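Here's a quick briefing on the model below. Have a look at the structure first, then read on.

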Amino acid sequence: MASESRLSHTAAIILQSIDAGHAYGFSVMEETGLPSGTVYPALRRLERDGLIRSQWESEKIAETDQRPPRKYYRITRTGKATLAASQKRYPLLARLFPVHAEEKA
Amino acid sequence: MLRTLHIAILRNAALLVPAPERGEWLAEWKAELCYVSHDATHFCLGSFRDALWLRRKSFSARRAFSLDSPLRCVLFLALPAASSFLLAFGLPSRELFMPLFSPQGEDQFAFGCFWLCFESLLVLLTLNPLGLGEYPANRYAPALIIRLRRWVFLAIKIALLPLIFMFASIALLPIFPPALWILFFGWIAGFRWALADQKQRCAVCLRLLSNPTRIGSPTQSILGWYGTELVCTRGHGMLYVPGAPTSWCSTQRWQYLDPTRSSLLPQAVTRRGAVPRL
C-alpha cells in the first residue's frame, strides 16, 4: 500500500506503458516520450518495489533474429493493483494508451 | 565511429554502477542501443542518470558505517581521534585550558592520563579475559608476515582509542571538569570493543566474519560440540566459538581453509558478475 501512495505520475505512466505491452526500456521511451535518463531509473525503482519483474530474453531467439538479447519487463500482481489505484488517482492515465483500453474492453 | 563513441559513453557510465551489477547493466544498455535509430548520443547520456541511481541505491547508511574492512575500522577510529584533537587544541576553548600547559601542568596532566590508563587496565583485566582465541597454523596458514598484520591492526586500534578519549576529555575539561573520567570509562569500553572486534575478524584479510550459524544444542554438550560457526566470505577460514567453555574447547578456535573452498562462498560467486540468461 505504501508503494501505491508513493507512485509518481511519471512512474504511473511507465507502469501503465508496461502493462500495455511495451515490455522493454526503449519501447517505453518511445511510447511515453520520456528520456532514457528518466525511464531506466524508474524501471529499476518499479522492479525494486516489486511492481514489475525483469527477464532476459532467450539467447536462441535473439540469435535467430540476429540481435542482442533484450531485458523484458512484465507487470506483477502487486503492480497491477498499484496501477489500478494510480488510475483512480490519475484519471487520465488510462486514456494515454487507448490500445490497452480497447483490449480491456 | 559514432557507434564507438556511444559504447564509450556507456562504458564510462558503467564505472558508476556497483561492480556486481555492472555486467548485466551494460548488457541491457548495449542491447537497447541497437534499437535506437535517432539521437543515440542523448540516449546514451541518460545512462549516467541510471548508473547514478544504482550507485545511490547501493549506498546505504548501514554499509557506509559498516566496519567490515580493516581500513574502514582504522578510519572509524582515526577520524574521531583527529576531530577530538582539533576540538582540544584548535578551538578558542583551548585558551581557557592554557594554564594547564605550563611545564608543571603538562607533567601533572600526562601523569594523570597515564595513571587513569593504568587503572582502567586493571579494571579491564578483572572484567574480562584478554585472550583472543586459538589460531593454530596448518598447511593452509598464510606467511608469517600476513599473520602478523592481525597484531599490527590490533595495536593501531589500541593506540588510537586512548587518544580519542584523551583529546575529548581535554576539549571538554574547560566546560565540564569531571571530563577526565571520560578517559577512564571510555578507555575501558573502547578496549573491550577493540578485543571483541578483533575476535570477530578473519585472521588473513582482517574483514569481519559473517554468516554466524548455531551448531548443536546446549542439552547435548556432553555428546557433541555446540556453539557458533562464523566464516570469512573470502574463504580464508572459519571460526568456532563455543557456546560454553569445556575442557576440550575452552576458547574460540580459528581454522584456516583450503583455498579451493572459496569457490563455495558467496563473495567468490558474486565476483564473477555473470549476466543471467533465461
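Let's start in the chain B sheet: B:Val231 sits opposite B:Met238 of β3(B). This is a predicted model, so keep its limits in mind: local features need pLDDT of at least 70, side-chain atom pairs count only at pLDDT 80 or more, and totals for chains, interfaces and linings use all residues. Residues are numbered from 1 along each chain as its sequence is written, while chains are lettered from A and ligands numbered from 1 in the order in which they are written. Helices (H or I, at least four residues) and strands (E, at least two) are DSSP runs, numbered from the N terminus.

**The sheet in chain B**

- Four strands of chain B make an open sheet in the order β1-β2-β3-β4, with antiparallel pairing; two strands count as paired if DSSP finds at least two bridges between them.
- β1 (210-215) and β4 (253-256) of chain B are at the edges with a single partner strand each, so one side of each has no neighbour in the sheet.
- From one strand to the next, the twist averages 20° (axes are lines fitted to C-alpha atoms, for helices over the stretch in contact, and angles run from 0 to 180 degrees between N-to-C directions).
- β2 (residues 227-231) and β3 (residues 237-242) of chain B are joined in the antiparallel sense by five bridges.
- β3(B) and β4(B) pair in the antiparallel sense too, over four bridges, and B:Leu239 has B:Trp254 of β4(B) as its bridge partner.
- In a regular strand the side chains alternate between the two faces of the sheet.
- Buried here means 20 or more other C-beta atoms within 10 Å of the residue's own, exposed means 12 or fewer, and partly exposed is in between, with C-beta atoms placed from the backbone.

**Helices in chain B**

- Helix α8 (residues 144-172) of chain B has 29 residues and reaches 43 Å from first C-alpha to last, close to the 42 Å expected at 1.5 Å a residue; that expected span is 1.5 Å times one less than the number of residues.
- Among the buried residues of α8(B) are B:Lys157, B:Phe165 and B:Ile170.
- B:Ser120 lies in helix α7 (residues 103-127) of chain B and is buried, with 22 other C-beta atoms within 10 Å.
- Setting aside neighbours within four places in sequence, B:Ser120 contacts B:Phe184, B:Trp187 and B:Ile188 (contact means C-beta atoms, placed from the backbone, within 7 Å).

**Chain A**

- Chain A has seven helices and two strands, running α-α-α-α-β-α-β-α-α along the sequence.
- Of its 105 residues, 33% count as buried.
- In α6(A), A:Gly79, A:Thr82, A:Leu83 and A:Ser86 are buried.
- Down the axis of α6(A), the buried residues fall within an arc of 105°, so they line one face of the helix; the arc is that of the directions from the helix axis to the C-beta atoms.
- On the other side of α6(A), A:Arg77, A:Ala84 and A:Lys88 are exposed.

**Where the chains meet**

- 17 residues of chain B are in contact with 17 residues of chain A.
- On the side of chain B that touches chain A, α3(B) supplies the largest share, seven residues.

Methods. Contact = placed C-beta atoms within 7 Å.
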